[in-house]
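I'm opening my notebook on this one and writing down what I look up as I go. Here is the structure I have on screen.

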Amino acid sequence: MHGTMKRVPKPNWRLKKTLARRVEVRVMEPNDIKFLWAAYKKGGLAEMDPALSDGSMSADEFRTAFDVIAARYSEGWTIIAETPRNGVRPVGAVFGALAPLVGYVIVAGIAWFPWASRRNVVEGTIAFFNTARRHFPMIGYATGGHSRLYEVCCMHGIMRRIGTSHAVFPGQPAAVYETRSIKK
């Protein structure tokens with residue numbers, strides 16, 4: 001019985017391979033509202049805020065509601081990648097809050113647009129955290145199935161899990177991750 005068990009190969013995650021395709025991370029621009037609007041109409045922003053879940057707002061109403069929601073965050077980025085059907089376009093948005101006294105950014109929300117493939121999500125997440133860690137340390141909280149993307153970042157060596165918080169999301173524990181610093 002000892003020799004019959006098959007050994008499962010360990011996944012070999014490498015930044016160079018994951019980021020081989022074009023993925024761009026940039027500060028959110030006013031023109032990105034049209035992509036956020038399209039994502040909202042397809043139900044892609046429902047997790048971000050309950051006000052964005054029904055898809056019934058007009059473009060002007062959405063812009064007003066989104067401005068109120070975006071004002072909660074001090075930082076916003078757009079992730080742009082090659083999509084399966086529509087070429088290079090925004091596939092996600094990341095929102096963060098700067099912790100002013102300690103100098104790090106807390107990831108407050110990541111919204112993946114409905115047209116983003118699974119590959120876009122993995123590549124975009126890796127590209128975002130790898131780019132952002134060059135500028136400032138970041139902390140992210142994950143509940144349930146959201147932990148998997150942070151674990152993939154850990155497998156790439158750009159993040160590490162630092163514990164569990166029971167205070168951030170009442171009633172459910174959240175895994176806490178931080179970006180690894182780059183040696184200078």
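Entry 1, strands 3 and 4. I began with this pair: strand 3 and strand 4 (residues 104-112) run antiparallel, and eight bridges join them. It's a predicted model, so I'm keeping that in mind throughout.

What joins strand 2 to strand 3? I found a hairpin there, going through three residues. Strand 2 (residues 75-83) pairs with strand 3 in the antiparallel sense, over nine bridges. Here I noted Glu75, which stands opposite Gly96 in strand 3.

Val105 stands opposite Met138 in strand 5. A reminder to myself: strands of a sheet pair through backbone hydrogen bonds, either parallel or antiparallel.

In what order do the seven strands come? I read 1-2-3-4-5-7-6, in an open sheet with mixed pairing. At the edges I have strand 1 (23-27) and strand 6 (159-165), each pairing on one side only. From one strand to the next, the twist averages 30 degrees.

I got a count of 12 aromatic pairs. One of them is Phe66 with Phe95, edge-to-face, at 5.9 Å centre to centre and with 65 degrees between the planes. Phe66 is in helix 3 (residues 59-70) and Phe95 in strand 3 (residues 87-99), so this pair ties together parts that are 29 residues apart in sequence. Are these two buried or exposed? Phe66 has 4% relative accessibility and Phe95 has 2%, so I put both down as buried, the cut-off being under 20%.

Next I checked Phe128 and Phe129. Their ring centres are 5.0 Å apart and their planes are at 70 degrees; edge-to-face means over 60, so this pair counts as edge-to-face. Phe128 is buried, at 1% relative accessible area, and Phe129 is buried at 1% too.

I also found an aromatic cluster made of Trp37, Tyr40, Phe62, Phe66, Tyr73 and Phe95. One more ring to note is Trp115: the charged end of Arg89 sits over it, 4.3 Å from the ring's centre.

Helix 2 (residues 33-41) packs against helix 3 at an angle of about 105 degrees, and their axes are 11 Å apart. Since 65 to 115 degrees counts as roughly perpendicular, that is what I call helix 2 relative to helix 3. Which residues make the contact? From helix 2 I listed Ile33, Leu36, Trp37 and Tyr40, and from helix 3 Ala59, Phe62, Arg63 and Phe66.

I found Asn130 in helix 4 (residues 118-132). Asn130 is buried, with a relative accessible area of 8%. What does Asn130 touch, leaving aside its neighbours within four places in sequence? My list reads Leu15, Leu19 and Ile158.

Conventions: Residues are numbered from 1 along each chain as its sequence is written. This is a predicted model: local features need pLDDT of at least 70, side-chain atom pairs count only at pLDDT 80 or more; totals for chains, interfaces and linings use all residues. Side-chain values use heavy atoms; hydrogens and water are left out. Rings of Phe, Tyr and Trp (its six-membered ring) pair if their centres lie within 6.5 Å; planes under 30 degrees apart count as stacked, over 60 as edge-to-face and the rest as tilted. Helices (H or I, at least four residues) and strands (E, at least two) are DSSP runs, numbered from the N terminus. Buried means under 20% relative accessible area, exposed over 50%, partly exposed in between (1.4 Å probe, protein chains only). A charge sits over a ring if NZ of Lys or CZ of Arg is within 6 Å of the ring centre and within 35 degrees of the ring normal. Two strands pair if DSSP finds at least two bridges between them. Contact means heavy atoms within 4.5 Å. Axes are lines fitted to C-alpha atoms, for helices over the stretch in contact, and angles run from 0 to 180 degrees between N-to-C directions. Angles under 35 degrees count as roughly parallel, over 145 as roughly antiparallel, 65 to 115 as roughly perpendicular and the rest as oblique.
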